[in-house]
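Student: I would like a close look at one part of this model. Please take the charged side-chain pairs and go through them.

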Amino acid sequence: MKWGVVQKIGISLLGLWCLFSVRPDPAVAVDLYVSLFGGALGGIYKIDSQTGSIQAVAPGLSATEGLAIDSKGILYIGGPLTGVRRIDLATGVVLSAVGTNIVGPEGPSVDANGDVYVNTRLINAFVPHSGIWKISGGTAATATQVVPPFTDFGEGTAFLTHGPYAGCLVAADRTGNRIVRSCPPDFGPAVELISVKSIPPSGSPGLSVYTTATMGIAVNRTGDIFISRLTPRCLNCGDILRYDPAGVFKGVFASYLYMPTFMAFDEADNLYLAEPAASGESGGTGWVSKIDPTGTRTILVSGLNTPVGIAIRPPVKPPTLSGIRVIDTISTTNIDLDQTTFSKAPVSVTPDSVNHQTVIEWDFPTFNIGQIEDLSFDLVLKNPVPGEDRLVHHKLELLYSDINGNPVRTELGEKYVHVQTSAFATVVMTDKAQYGANENVLSNLSITNLSDHARTITAAVEVQDTTGNLVQAVTTLSGLTFATGETKTFPGLIYNTGTTPAGNYRVHARLSDSSGLVGETLAPFTIISVKQLSSKIVTDKTQYAANETVILTSTVANGTMNASLTGLSATVTITDLTAATVFSQTRSLADLLPQAGTNFKSFWSVGTAMPGSYTAQLTVRTSDGLTATSAATFSIASSLDQAKSLAGTIAIQPAGIIEGETTHLSYTVQNIGNVLDVPQVTLEILVVNPDTGLTARTLTDATSLNAREVFAGGMTFESARLTPATYLFILRGMIGNVTQTLASAALTVSPIPNTAPIANAGPDRIGYAGQSVTLDGTGSSDPEGDPLTYTWAFVSVPQGSAVTNASLIGANTATPSFVPDVRGSYILSLVVNDGLLDSQTDQVAVYVNPPVEVDLHPETINLKSNGGSKSLTAELESHLLSSFAPFTAADGLTVTADFTLESRYIDKNGETVVFVIPVTVNPAGYRVKAEDEDQDGASVEYKLKLKFDRAGFIAGFTDANGQYRISQPTEVVSTVIGNGIRIGSDTNIAIAPPK
């Protein structure tokens with residue numbers, strides 16, 4: 001069987017889509033929103049992309065930088081302030097800020113979920129807010145850091161839509177001159193995607209080190225990445241670089257821009273750019289420009305005050321359609337289907353031998369607005385006959401459900417393939433054979449259809465090197481239709497040689513149709529170069545003093561656009577007023593690429609060179625004899641006027657002494673200036689206390705110095721009346737009215753050594769359980785009379801005692817106290833400190849006896865009885881006389897303390913009643929009595945009897961109406977109190993029997 005041509009069949013759903021929907025018109029104007037940083041015209045403004053008209057949205061809003069808009073019409077605003085501000089574009093209302101924990105948010109972006117991501121700058125080391133932060137839903141008051149810091153100055157952000165990193169977030173790292181990426185859902189540390197350091201800035205002659213700063217980042221509909229950056233071509237200049245979705249450099253998209261910052265694409269891939277310094281200077285008049293997909297730039301609106309943010313509101317898209325089915329029925333008569341060539345695999349391919357056809361079906365669950373699916377495949381036509389029209393598409397159907405769920409069916413007519421005879425005559429010519437750099441190559445293309453049928457073809461014209469590698473595509477002419485024998489010419493096809501390296505090239509024209517290549521032709525040409533070399537030399541200052549270093553910066557630039565300079569050497573010389581050479585240096589330089597540059601530094605120490613004017617000259621030569629020279633002048637001033645005449649040293653030995661001791665100072669001074677003889681030099685040594693900044697003493701000396709002469713001096717230094725400290729000794733020299741600091745040294749004056757203090761915890765004490773005991777450490781002392789601090793602590797306590805160090809009152813004083821809780825010995829320690837040293841520990845013992853016993857009589861008190869004693873007797877008993885301290889001291893002593901009896905009980909209503917009765921005064925006084933119960937001649941118990949008024953006791957049980965508060969025997973707790981000390985208690989019964 002004889003096989004014929006392969007016919008490519010293409011089905012574009014875009015063509016079918018027009019039957020039931022309308023794609024957004026890219027020519028329709030879009031609304032831009034631009035942020036103006038401040039000043040008289042600051043805030044947020046709306047710009048019409050076609051007319052350039054500007055309308056205020058939020059005027060007066062300052063410090064705005066970087067914009068983004070979500071699908072709901074909420075505008076997010078970055079800037080150097082804290083948090084991301086918001087505006088509802090539908091109402092113009094300024095909403096509350098979000099992400100208020102972020103400092104300096106930059107270049108916000110919004111993902112499909114409405115989450116807002118911002119890049120940040122590091123304000124300072126104490127505000128580490130750089131990295132990428134996420135504001136959930138665009139409404140969260142607090143942002144979450146998803147990418148840790150990667151720089152100290154971040155800028156714009158964007159989401160990648162195509163390629164291996166589709167869906168990843170990318171950010172401009174201004175400090176690192178690169179683009180970094182981090183991918184959801186986990187994000188994590190940023191990874192470098194693109195480095196712009198190796199891309200030469202456009203229009204930057206003479207630079208070999210490209211200092212750049214990446215600013216904005218935007219992604220077009222095909223997924224290409226566009227980066228705006230600042231370049232050193234001039235103040236606030238920049239360009240835009242273009243990369244494919246994988247980060248491969250595709251060239252400079254736009255250049256000679258003025259401080260390009262943030263960017264945004266519309267649906268037609270027009271790029272809108274904010275340029276805040278259009279005048280070329282920071283703070284100048286700014287503008288917003290539009291760059292179409294071909295790179296043509298138009299100023300949309302000018303006269304703006306520092307535009308540093310731009311955003312386009314997303315178009316409102318109609319809902320997605322569902323249930324899409326495409327059914328293609330193909331005739332099989334003399335036609336074979338190549339199933340390996342489907343651009344998109346169908347869900348089924350069903351042969352129908354009865355009807356001599358094949359049914360192919362594709363299914364799409366949903367279809368978005370603007371979505372395009374290429375459903376192409378190859379058919380092989382058997383035995384084609386020239387001029388034949390063969391039926392290929394028997395039927396093409398499109399079935400789907402509209403936005404309301406209604407079924408829709410569309411059918412296209414039958415399709416035929418026409419077999420043509422193929423022949424074209426093609427000629428391409430250039431306007432001349434040789435071109436220079438940055439010159440236009442004008443090509444003329446002529447095409448003649450030699451076939452006997454009308455033809456539609458595509459003509460592609462490109463420039464190649466001699467091996468066929470692509471240099472640049474010139475043009476693609478699609479849909480060219482030719483009648484039989486028709487000739488068409490296409491003049492004025494332009495290729496600019498730009499910086500293309502010198503050499504042999506060719507214009508290549510290729511003709512193709514759906515079957516492939518149908519014709520081609522070549523036109524050779526040559527690019528030549530005109531070499532240009534420039535040089536410049538500058539000094540870091542215009543005037544120098546003696547012994548300073550002249551720093552010379554030499555710059556060499558290759559001004560040639562398409563050729564390298566090789567074999568370069570540079571010579572730097574310095575000559576004085578007599579043209580004598582005082583410095584010379586020659587060095588070889590690396591080869592310079594086109595439009596590249598290099599620089600190097602040279603250093604010459606002035607030393608004692610005579611005052612006057614000097615000339616520095618740079619001479620650069622290439623291997624082929626090209627030469628460039630440049631010069632710079634500077635002067636050397638007299639050292640007498642510049643405080644550069646002297647050098648000196650100072651030493652102290654020993655450098656550490658005790659207050660009152662002496663040490664020795666030695667010092668030198670030398671004439672190192674460019675004046676030969678100095679008749680009078682006054683020397684000063686300032687003794688400065690660095691802690692106070694005050695000069696404690698000033699020492700003086702004097703000498704005369706000839707050229708290079710050294711004077712050595714010394715003296716003994718007395719430290720008397722200097723407080724202990726480290727002092728700075730500063731040596732200064734004075735010639736006339738000019739003072740020069742020459743050297744310094746330090747001397748440490750230490751205090752006289754300290755002696756440890758002595759602790760004295762005082763004599764042992766006798767105490768009683770429940771009564772406070774006061775200790776006495778006032779006998780402690782310090783040999784130097786320094787003030788003391790006190791630290792008391794318990795060494796041991798009796799078994800069962802709950803006393804701890806926390807029980808001490810005034811534990812850091814000389815006289816602390818505590819209340820013992822059980823009988824036994826309490827041992828305490830005392831340590832004193834003089835501010836430097838602790839003392840040895842001293843101890844004191846406190847011997848504690850049981851508490852005083854109180855017995856109140858009678859045991860039962862009849863409140864209504866008129867008989868008996870008129871007094872109540874309280875008997876106090878103790879094993880030691882001092883139990884009654886501080887109001888007794890010896891047997892038989894008359895006690896004059898102020899005693900009271902406090903009684904408390906619960907009345908018939910359940911309420912607590914408390915009353916106090918003073919002691920009944922005994923004219924003879926109350927005396928302590930000693931008793932010898934075991935008749936061994938030693939007193940083991942001491943007693944004191946006190947009398948209290950019975951009537952006062954009874955009165956405590958009556959109310960205001962004279963009625964008793966009790967009606968049955970009641971328990972009464974009575975406590976004896978002396979001089980405010982609660983001595984002890986006893987329990988009695990009070991009764992009030994009926995009459």
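Student: Which side chain does D224 meet in a salt bridge?

Tutor: First, the ground rules. This is a predicted model, where local features need pLDDT of at least 70, side-chain atom pairs count only at pLDDT 80 or more, and totals for chains, interfaces and linings use all residues. Residues are numbered from 1 along each chain as its sequence is written, and side-chain values use heavy atoms, with hydrogens and water left out.

D224 pairs with R242 in a salt bridge, at 3.0 Å from N to O. The term means a side-chain nitrogen of Lys or Arg within 4 Å of a carboxyl oxygen of Asp or Glu. D224 sits in the loop between β17 (213-219) and β18 (225-231), while R242 belongs to strand β19 (residues 237-243), so the bridge ties together parts 18 residues apart in sequence. Strands here are DSSP runs (E, at least two residues), numbered from the N terminus. D224 is buried, at 4% relative accessible area. R242 is partly exposed, at 21%. Buried means under 20% relative accessible area, exposed over 50%, and partly exposed in between (1.4 Å probe, protein chains only).

Now the wider picture. The rule gives 21 salt bridges. One of them joins R982 and E902, at 2.8 Å from N to O. R982 lies in strand β74 (residues 981-991) and E902 in strand β68 (residues 899-906), so this pair ties together parts 80 residues apart in sequence. E902 is buried at 12%; R982 is partly exposed at 49%. K432 also bridges to E439, with the closest N and O atoms 2.5 Å apart. K432 is partly exposed at 36%, and E439 is partly exposed at 24%. Finally, E875, E877, K943 and K945 form a linked network of salt bridges.

Note on methods:
Helices (H or I, at least four residues) and strands (E, at least two) are DSSP runs, numbered from the N terminus.
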